[in-house]
Amino acid sequence: MIVKLRRRNARYRDLTPGQPYVVIGIEGDEFRILNDAGRPYLYPPGLFKVLDAREPGDWVTEYDDDGERYAYPAPLNDTGFFEDFFDGKPKAVRTFWRVVNQRLATVGEVA
């Protein structure tokens, strides 16, 4: 899935309007993307226009009791994975960048 920020937003200064971003997962219905600083943060989907709605076939999708959607590639789908990543745990960091780099390498150019 590829999205672009609709317009500049003072709350989200780490995103550039018109810049395509690859959605690397969905958590609680929010998009996890690499922002302009290369950090994988969550953003509300209403900020973006969807350029390519196709989701990777390897995403594991689950719904919580409130119906919120969670979808990630299996290696990133473990409970607590992103807490470990942001805590700098080497295994989580290695796994994250391996999965994301593989995904980014397969994404074509967006007009």
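Modeller: With a definition: a residue is called buried under 20% relative accessible area, exposed over 50%, and partly exposed in between. Keep in mind that this is a predicted model.

Colleague: What do the buried residues of α2 pack against?

Modeller: They pack against strands β2, β3, β4, β6 and β7, and against helix α1.

Colleague: How many residues does helix α2 have, and what length does it reach?

Modeller: Helix α2 covers residues 90-106, which is 17 residues. From first C-alpha to last it reaches 25 Å, close to the 24 Å expected at 1.5 Å a residue.

Colleague: In what sense do β6 and β7 pair?

Modeller: In general, side chains in a regular strand alternate between the two faces of the sheet. Here, β6 (residues 59-63) and β7 (residues 69-73) pair in the antiparallel sense, over 5 bridges. Thr61 stands opposite Ala71 in β7. The hairpin has 5 residues between the strands, and Gly67 in this hairpin takes a positive phi near 85°.

Colleague: Which residue other than glycine has a positive phi?

Modeller: Most residues other than glycine have a negative phi. Asp29 has a positive value, near 70°. Asp29 lies in the loop between β2 and β3 and is partly exposed, with a relative accessible area of 36%.

Colleague: Where does Pro56 lie, and what is in contact with it?

Modeller: Pro56 lies in the loop between β5 and β6. With a relative accessible area of 18%, Pro56 counts as buried, since the cut-off is under 20%. Leaving aside neighbours within four places in sequence, Pro56 is in contact with Met1 and Arg103. Arg103 is one of the buried residues of α2.

Colleague: What separates the C-alpha atoms of Pro56 and Asp87?

Modeller: Those C-alpha atoms are separated by 27 Å, and the two residues are 31 residues apart along the chain.

Technical notes. Residues numbered from 1 in each chain as written. Predicted model: local features only at pLDDT ≥ 70, side-chain atom pairs only at ≥ 80, totals over all residues. Heavy atoms only, no water. Pairing = 2+ DSSP bridges. Helix = DSSP H or I, 4+ residues; strand = E, 2+ residues; numbered from the N terminus. Expected span 1.5 Å × (residues − 1). Buried < 20%, exposed > 50% of the residue type's maximum accessible area, 1.4 Å probe, protein only. Contact = heavy atoms within 4.5 Å.
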